[in-house]
Amino acid sequence: MKFAAALSLLASATAFTAPKATTRSSVVMQESKADLEAIAAKCNPIVNYFDPMSLADADFWGQGNEATIGFLRQSEIKHGRIAMAAFVGYIVQSNVVFPWAQTLAGAPHPSPDLSPEQQWDAIPVGAKWQIFFVISMLELWDECGGGEMPHYMAGRQPGKYPPFNLFRDNVHFVLDLFDPFGFHKNMSAEKKEAGLIKEINNGRLAQLGIFGFLCADTIPGSVPALSGIAIPYSGDPMVPFEGQFSYF
């Protein structure tokens with residue numbers, strides 16, 4: 001019942017937010033190329049603004065330049081957060097794993113003696129589908145704005161994940177992903193802006209870091225600084241269901 005209720009909430013949230021995309025003239029946009037240039041100068045005054053493909057001048061899906069910039073900013077912040085989680089996760093699971101059983105049958109988690117890529121390959125396909133399902137639901141909730149926020153291409157602050165108010169009120173209690181304990185409610189605008197710059201920089205560094213790990217494991221000698229700790233991996237880390245499932 002709760003699963004059905006959650007799916008119905010996603011449908012209702014989508015229906016609730018859809019009209020906002022059709023009234024673009026009434027939506028206040030706050031994203032421009034000048035904003036990107038200002039953020040770039042604060043993130044790295046040496047490199048400064050860098051857009052060799054002129055993406056900031058594009059018009060994705062005919063939604064307008066400001067909407068496109070909102071998409072680009074959301075994309076970078078999201079990928080940075082994923083990379084930070086991946087980088088930390090790579091280090092942690094290279095050293096420790098959960099002590100309890102991974103499956104109802106009692107199978108343990110893959111050994112930390114394996115590389116993280118090998119650990120992923122050793123996870124049952126059912127567990128992988130569960131992980132991707134949860135990620136998909138979180139993505140849908142983000143796209144729907146949680147039923148109360150505009151889309152990030154239509155005025156929402158890039159990177160601000162919608163709260164789970166609708167889910168809490170109709171299914172069961174769950175903490176928000178963004179500021180779950182309310183620590184940032186009284187934070188000054190200056191501190192929030194400084195935190196955003198740090199997050200962007202850390203996210204960019206984490207993207208380089210996680211791909212450094214992947215390259216060191218799959219291409220011997222490609223990252224000399226990691227040659228002493230890299231564990232050779234012959235698979236393809238970009239094929240999540242390698243050997244278990246294929247779309248082709």
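Buried means under 20% relative accessible area, exposed over 50%, and partly exposed in between, with a 1.4 Å probe and protein chains only. The model is predicted, so local features need pLDDT of at least 70 and side-chain atom pairs count only at pLDDT 80 or more, while totals for chains, interfaces and linings use all residues. Residues are numbered from 1 along each chain as its sequence is written, and side-chain values use heavy atoms, with hydrogens and water left out.

**View 1. Lys 78 and Glu 139 form a salt bridge.** A salt bridge is a side-chain nitrogen of Lys or Arg within 4 Å of a carboxyl oxygen of Asp or Glu. The closest N and O atoms of this pair are 3.0 Å apart. Lys 78 counts as buried because its relative accessibility is 19%, whereas Glu 139, at 32%, counts as partly exposed. Both residues belong to a salt-bridge network that also includes Asp 142 and Arg 156.

**View 2. Lys 42 and Glu 193 meet through their side chains in a salt bridge.** The N to O distance is 2.1 Å. Lys 42 is partly exposed at 47% relative accessibility, as is Glu 193 at 38%.

**View 3. Glu 199 and Arg 81 are joined by a salt bridge.** Their N to O distance is 2.5 Å. Glu 199 has a relative accessible area of 22% and is therefore partly exposed. The structure holds eight salt bridges.

**View 4. Gly 80 touches Gly 203 and Gln 207, not counting residues up to four places away in sequence.** Contact means heavy atoms within 4.5 Å. Gly 80 is buried, with 2% relative accessibility. Gly 80 and Gln 207 are 127 residues apart in sequence, yet their C-alpha atoms are 6.4 Å apart in space.
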